[in-house]
Amino acid sequence: MDIPKDKLLWIYERMQLIRVFETRVSTEFGKGKIPGFVHLYAGEEAVAVGICAHLTDADYMTSTHRGHGHCVAKGVDVRGMMAELFGKATGICKGKGGSMHIADMDKGMLGANGIVGGGPPLACGSGLTAKTNGTDQVTICFFGDGASEQGTLHESLNLAAIWKLPIIFVAENNGYAESTPAHYHCSVENIADRAAAYNMPGVTIDGNDLFAVYESAHEAVARARAGQGPSLLECKTYRHFGHFEGDAQTYKIAEENEKYRTELDPIKRFKDAVLPRGLISEDELAAIDQRVNAAIDEAVTFAEDSPFPEVQETFTDVYVNY
Amino acid sequence: MAERELNFGEALNEAMRQEMQRDPKVVIMGEDVAGGADVDHLEGDDAWGGVLGVTKGLVKEFGRSRVIDTPISESGFIGAAVGAAATGLRPIAEMMFVGFMGVCFDQLLNQGAKLRYMFGGKAKVPLVIRTICGGGYRAAAQHSQVLHSLFTHIPGLKTVVPSTPYDAKGLLISAIRDDDLVIFFEDITFGGIKGVVPEEDYTIPFGKADIKRAGEDVTIVAIGKMVHHSLTAATELEKQGKSAEVLDPRTLSPFDEETVLESVEKTGRLVIADESHPRCNVATDIAAMVADKGFDYLNAPIKMVSAPHTPVPFSPPLEDHYLPNPQKISEAALGLF
């Protein structure tokens, strides 16, 4: 299917913004600037962006511990995101959530989630709200191959199916649940095959092919908006980094890792698809790269220059009387 | 005109009906809250209206899009209630028995209780979870727990334990209008309790204890069913020449420390009756608070009457032995003189 030029440019910019953001987070984490844990999304950009290309700010999203890419694709401000990772008062959650709980209700982004399988029931909730209010808002429920083994996902698939909720369940199968390969932890080769058990459409696609993701998501989103119920979309992908920063990744196969970082890389494949056909020019890509790099530099400067929250902030945004 | 009396369940039902009439965002969801979904011959009417009939009749007035039967998927529907609350609805979810919270604990502990805080205040979770609690129904270990202490421990949750139909209605309306996640405990033995309940809607503020019986010699702080046992105990104590004040906190989080301290200042003696297991429960929490802030008021050690540190047994003589009762409370009080 043809993607309009302005959308193609948006797609490239968002994918590149995720890549540069995550690469920079890795660097800053290495310098000790970012406290706690980070789980990087680089390598999976085509999934988040190919799906979010069909959304508006009014649509909802639930995410995972690997949620930075989902946020960027949904339009969350990278300055606020970076400041949040640095634990600063200017962070999108005032420095009270951090990497694993980054959220922006104004963008329908209902939070990254530190609990594997924590998101799908929440997605049923935003789906129920949209259905009850009679709007055409959809919810994207991202989850990994690891979460596909959680009971919450199965309960949620069933709930969404019986209530015909406007949800697109997106399995980001990057091959590993932490260090455990999908071929060990999952009873089926394709997670989407499980859709049949819940009487909903299920498709498995190459998640590093932006165009395949875009097209499948188009269909699933249209179905949800039309009130025809949920779908399960499995995107096979790969993460460039470890499960968390600091993971030695001894479980990965070296050749496979190299192949996904080069010829199977989603951004390279996007460029290879658009440049020869003249859909986007080298100059246009270069201009975007420049803008993205400047935005991430600025985000890091903003995060570094921002103050930490006052300790009194510990006691706000929750009921306390003790 | 004689004042109208309702039983406990009727008071709750009226609270939900009035709030659903007032606010279209209020929905009810849970297992068999209507019952008989998709059963043609019921023509949309309920089969059960909840396992104890507390939501009876609501589906007829508000329809199945607002009184939503769920599958037996506690994680799924409690999580969905959290997500719906975060995105604009005001759900009342019914968790049939509090023991089933074990099934969906992550959605409460790590999701519902924490979203507002983790998101820097941008999310709110106006959700009420109504749940049946308490022993005495011969329902055995998984269906007889109180567990309010467990939930009171968790920041981001509010806990409400009404003891009368009047309190039940006013506290439930407050819970529905509250922007935080509220766990609302309904004792399984309260079905037969009747009391005066005004017809109009009214709220009872959280964190305001109620003195159910005024007295001079000993304060009995009692939670839920223990309020009734303590009132019975107070009558017995009266015969022994001791005047007991029975204080019902009504909400455990928030908790009205001030009223407890004022009462202890007056009486100089404190008994706390809590059906919880004895370690790390609300009774120990109140005892610690009074020891810290009201030590000088005390003329005797603080006594706690709780259930033992065992699961709730099934066999009637065992369960009767397990549960706190008026005699245990009055004996504890007399021991302070």
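Q: Which residue of S11(B) is the bridge partner of B:Asp210?
A: The bridge partner of B:Asp210 in S11(B) is B:Asp248. This is a predicted model, in which local features need pLDDT of at least 70 and side-chain atom pairs count only at pLDDT 80 or more, while totals for chains, interfaces and linings use all residues, and side-chain values use heavy atoms, without hydrogens and water. Residues are numbered from 1 along each chain as its sequence is written, with chains lettered from A and ligands numbered from 1 in the order in which they are written.

Q: Why are S9(B) and strand S11 of chain B called paired strands?
A: Two strands pair if DSSP finds at least two bridges between them, strands being DSSP runs (E, at least two residues) and helices likewise (H or I, at least four residues), numbered from the N terminus. S9(B) and S11(B) (residues 244–248) have three bridges, in the antiparallel sense, and therefore pair.

Q: What makes strand S9 and strand S14 of chain B edge strands?
A: The open sheet of five strands runs in the order S9-S11-S10-S13-S14 in chain B, with mixed pairing. S9 (210–213) and S14 (303–305) of chain B each have a single partner strand, so one side of each is left without a neighbour in the sheet. The twist averages 25° from one strand to the next, where angles run from 0 to 180 degrees between N-to-C directions of axes fitted to C-alpha atoms, for helices over the stretch in contact.

Q: Why is the meeting of A:Asp104 and B:Lys122 called a salt bridge?
A: The term requires a side-chain nitrogen of Lys or Arg within 4 Å of a carboxyl oxygen of Asp or Glu. The side chains of A:Asp104 and B:Lys122 are 3.0 Å apart, N to O, and therefore meet that limit. The count between chain B and chain A is two salt bridges.

Q: What is the area buried between chain B and chain A?
A: Buried area is the accessible area (1.4 Å probe) that two parts lose on being put together, summed over both. For chain B and chain A this is about 3200 Å², of which carbon and sulfur atoms give 63%. The contact (heavy atoms within 4.5 Å) takes 42 residues from chain B and 40 residues from chain A.
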